Amino acid sequence: MGGFKASLANEIEKLYKKKKAVAIVIISLAVIVIGQLAVVGIRSGLGLKGAGSTEFPILVLSVFVNTVLPLFTALVAIDIFTGEFSHNTMKIALARPADRLKLFSAKIAAAAFFIGVNLLIVMVLSTLTGLLFNSSQITASGFFKILLSYLISLFPAVTLALAIVFLANIFKSGITVFFASILLFLAFKILGFLFPQYSSLFLTSMLDWYNLWIADSIPMAKISREFLIQLGYAIMFFTAGYYLFDGKDL
């Protein structure tokens, strides 16, 4: 466990020094500003009420998890794996008192940490923006719905990160992994649109998983089914990614 903790702290520190924390804030602010401008445009152009204080953070999340978050997840996952292989710094990481499984797990945990921080920052900023620019106040139940939505979104995002990590251990070039991830993401989005009866099996469609948790009538059977599908994806991609990572000649 000590080796894992040391590796995790090292991975988080490396990402922080590479200005990933600054990127998180910039990306989050951009999403909030675009979302608020859209709400203002709807109000002024169409004469509609737009999103209230409770609805605005959910509106931002719906855009964020389908656009910016997958891109950010891909950049972090690629940087953690492909970046070190391309700069030949992986040997230094393996020289620490941690085996490959602990190092691999620490890298995944570091990616999950930054994805979680990204979601937390977007939630806080969008909630504050909703309070400042929208008339209705957030109730306790409304805040719980916001918190639950952002918390639930972490699981499919981390599962997506595991899929990208799998690709990062196949290809040596970070650019190749990035474009392969984008193409596959768009392909599955299109397939989900063309074949809606099978969309629940695609990982990309599960980024909207939070909608099931905040529905008026919570469909526990569907939630359980999608949870098991995501868990299966996570286990498969983690196992396959580690198999490739363990077999690499450093």
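Helices, as counted here, are DSSP runs of H or I with at least four residues, and strands are runs of E with at least two. By that rule the protein has 11 helices and 0 strands. The model is a predicted one. From the N terminus onward, its elements follow the order α-α-α-α-α-α-α-α-α-α-α.

Of the 250 residues, 42% count as buried. The accessible surface of the protein amounts to about 12,800 Å², and carbon and sulfur atoms contribute 74% of that area. Among contacts with a separation of 6 or more, 81% join residues 24 or more positions apart.

Helix α6 covers residues 100-133, a run of 34 residues. At 1.5 Å a residue it should span 50 Å, and its end C-alpha atoms are 49 Å apart, so the two values agree. At the start of α6, a side-chain oxygen of D99 comes to within 3.3 Å of the backbone nitrogen of L101.

K5 belongs to helix α1 (residues 2-17). K5 and L103 are separated by 98 residues in sequence, yet their C-alpha atoms are 9.5 Å apart in space.

**Surface residues**

A nonpolar surface patch of about 900 Å² is formed by L184, F188, I190, L191, F193, L194, F195, Y198 and L201. One of these, F195, is located in the loop between α9 (174-194) and α10 (210-213).

| Residue | Relative accessible area | Class |
|---|---|---|
| K5 | 55% | exposed |
| F195 | 40% | partly exposed |

F195 is classed as partly exposed because its 40% relative accessible area falls between the limits of 20% and 50%.

Key: Residues numbered from 1 in each chain as written. Predicted model: local features only at pLDDT ≥ 70, side-chain atom pairs only at ≥ 80, totals over all residues. Heavy atoms only, no water. Patch = residues over 30% accessible without salt bridge, like charges linked within 9 Å, V, L, I, M, F, W, Y side chains within 5 Å. Areas by Shrake-Rupley, 256 points an atom, 1.4 Å probe, with all protein chains shown as cover. Salt bridge = Lys/Arg side-chain N within 4 Å of Asp/Glu carboxyl O. Buried < 20%, exposed > 50% of the residue type's maximum accessible area, 1.4 Å probe, protein only. Expected span 1.5 Å × (residues − 1). Polar contact = N/O pair within 3.5 Å; in protein donor to acceptor, adjacent residues only side chain to side chain. Contact = heavy atoms within 4.5 Å.
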